[in-house]
Amino acid sequence: MFDFISDYDDPTLLGAFWMTVKLTVFSGVGSLIWGTLLAAMRVSPVPLMRGFGTAYVNIVRNIPLTVIIVFTSLGLADIFGVTMGAPDDFELQGFRLAVLGLIAYTAAFVCEALRSGINTVPVGQAEAARAIGLNFTQVLGLIVLPQAFRSVIGPLANVLIALTKNTTVAATIGVAEAALLMKEMIENEAQTLLIGAVFAFGFVVLTLPTGLILNWLSKRLAVKR
Amino acid sequence: MTSVLYDAPGPRAKRRNVILSVVFVAVLALALWWIYKTMDDKGQLEWSLWKPFTQSEAWTTYLLPGLADTLKAAALSMVIALPLGAFLGIARLSDHRWVRVPAAVVVEFFRAIPVLLLMLFANEFFARSTDVSSSDRPLYAVVTGLVLYNASVLAEVVRAGILALPKGQSEAAQAIGLRKSQTMTNILLPQAVTAMLPAIVSQLVVIVKDTALGGVMLGFTELLNSRGTLAANYANVIPSFIVVALIFIVLNFTLTSFASWLEGRLRRSKRSTGAVLGAGDVDDLNAAEVGGTYGTGADQ
């Protein structure tokens, strides 16, 4: 019944899901960093940075991820010549471009989650920090963000789960991840339902534990007020 | 604008802010200059590539039909997903375990799966098991995938909307002797729908964005797919991407603004119970947490 799985070795079923995991991890770390920077910009004392942060989030959130990912390949790579340090290795280049697109998109959501977390930190915390003479970077970095992060683990977990599912969009530029393998399999094999079930199961396995673990963590780490 | 995060700038802080602004502008200008220069080198700024967008042909042949298909798929998905989602959401609130549990399994399953997988599967299913013509199939597949996913998201919205209503509503309904089904259809659902409106509108943005997936993966002739045909005809890759992205931004920004306007209006309204499910609440919906502070507007 599962014979067809062994017919595919470039990539194998596990290999394709490994690619999904790699896309998720690299994009997750990248968008956490870029999203935090964007959130810092959006609450910073410099009006220009605030404006940039707001504009970035509003523009990127309203463009379909598919448009962004396809653009990284047809626009960035083909026209702008951004080959991501792999001009000849198209597999690696596609992977890196997809990660770049996913970071650009997901960071906007990380930024918004963090910003709402910053709003949950009581005003007195920042006031006390300012009263003892800390400047903006210190107030944000030492007092506010550490508390904000702990209160947004739940929302960030949802962003991470959405990101895991969004990595399938990388299939549009030919990254050999799970959705692309499923497309190939389902077109060539007779067992439509079985293939659908196998891939669905794979994503349930990836997203369900993430949600459970991070939710547990968010309850444990939440700042008790 | 002052913030609690920093003091009102004194002379030194003002100077530092100016320096930071200048550095930031310099970096931004450098990036823009690089974009400009590369586009110029590759001939992407030539007027002949932009000219089509000032003439009617590019719009009537490619962009507008593409946009129409995007909107058609999005509208169909929303119209079908809404009643289905309401049904699933109410089923999850049932007092009977044998109704509640299967509904929860269906909702959690379809929420855990990427919408692209659902589209690919639906496409193959329609090709093999039905006689939907191959020209209609992409639309059917895209709508099926979007309906399955969004019905389960909307089920959570409906559930949260009903749970967000003050307890007094259902207690009062019980006190005057209404049945459970009457309480739901006459008292809770009408109020929940009002509370959910902003969340539903912002879910429409997600649907519009997801139609683009069908364009690339299934050959559905929506906006992004039409961009490909257009760019093949006029050889204007970058201009066509910019125009299509702008159309999406304007469309979705309008929807988002409408959603937050609705949210504000509902929150201010004296006639409502004050329960409003805002745009941001949809992302935060979580099985474990619905019924807590979500949707009450208290956490914002």
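Modeller: Among contacts in chain A between residues at least 6 apart in sequence, 74% join residues at least 24 apart, a figure that, like the rest of this account, is computed from a predicted model. Taken along the principal axes, the C-alpha atoms of chain A fill a box of roughly 70 × 45 × 25 Å, and 47% of the 225 residues of chain A count as buried.

Turning to the part you asked about, 50 residues of chain A are in contact with 45 residues of chain B. On the chain A side, the elements that give two or more residues are α3 (47–61), α4 (65–77), α6 (123–131), α7 (136–151), α8 (153–166), α9 (178–188) and α10 (192–221). The largest share of that side, nine residues, comes from α10(A). By class, the side of chain A that touches chain B has 32 nonpolar residues, along with 13 polar and five charged ones.

Two of the contributing helices, α6(A) and α7(A), also meet each other within the chain, and their packing can be described in some detail. Their axes come within 10 Å and cross at roughly 160°; because angles over 145 degrees count as roughly antiparallel, α6(A) and α7(A) are therefore roughly antiparallel to each other. The crossing in which α6(A) passes α7(A) is right-handed. On the α6(A) side of this contact are Q125(A), A126(A), A129(A) and R130(A), which meet V139(A), I143(A), V144(A) and Q147(A) in α7(A). The residues of this contact divide into five nonpolar, two polar and one charged.

Of the 14 residues of α8(A), 13 are buried, so that the helix is mostly covered, where a residue counts as buried if 20 or more other C-beta atoms lie within 10 Å of its own. As for its length, at 1.5 Å a residue the 14 residues of α8(A) should span 20 Å, and the end C-alpha atoms are 19 Å apart, which agrees with that expectation.

How values were computed:
Residues are numbered from 1 along each chain as its sequence is written. Chains are lettered from A and ligands numbered from 1 in the order in which they are written. This is a predicted model: local features need pLDDT of at least 70, side-chain atom pairs count only at pLDDT 80 or more; totals for chains, interfaces and linings use all residues. Two residues are in contact if their C-beta atoms, placed from the backbone, lie within 7 Å. Helices (H or I, at least four residues) and strands (E, at least two) are DSSP runs, numbered from the N terminus. Ala, Val, Leu, Ile, Met, Phe, Trp, Tyr, Cys and Pro count as nonpolar, Asp, Glu, Lys and Arg as charged, and the others, Gly among them, as polar. Axes are lines fitted to C-alpha atoms, for helices over the stretch in contact, and angles run from 0 to 180 degrees between N-to-C directions. Angles under 35 degrees count as roughly parallel, over 145 as roughly antiparallel, 65 to 115 as roughly perpendicular and the rest as oblique. A crossing is left-handed if the near helix is turned anticlockwise from the far one by less than a right angle, and right-handed if clockwise. The expected span of a helix is 1.5 Å times one less than its number of residues. A residue is buried if 20 or more other C-beta atoms lie within 10 Å of its own, exposed if 12 or fewer, and partly exposed in between; C-beta atoms are placed from the backbone.
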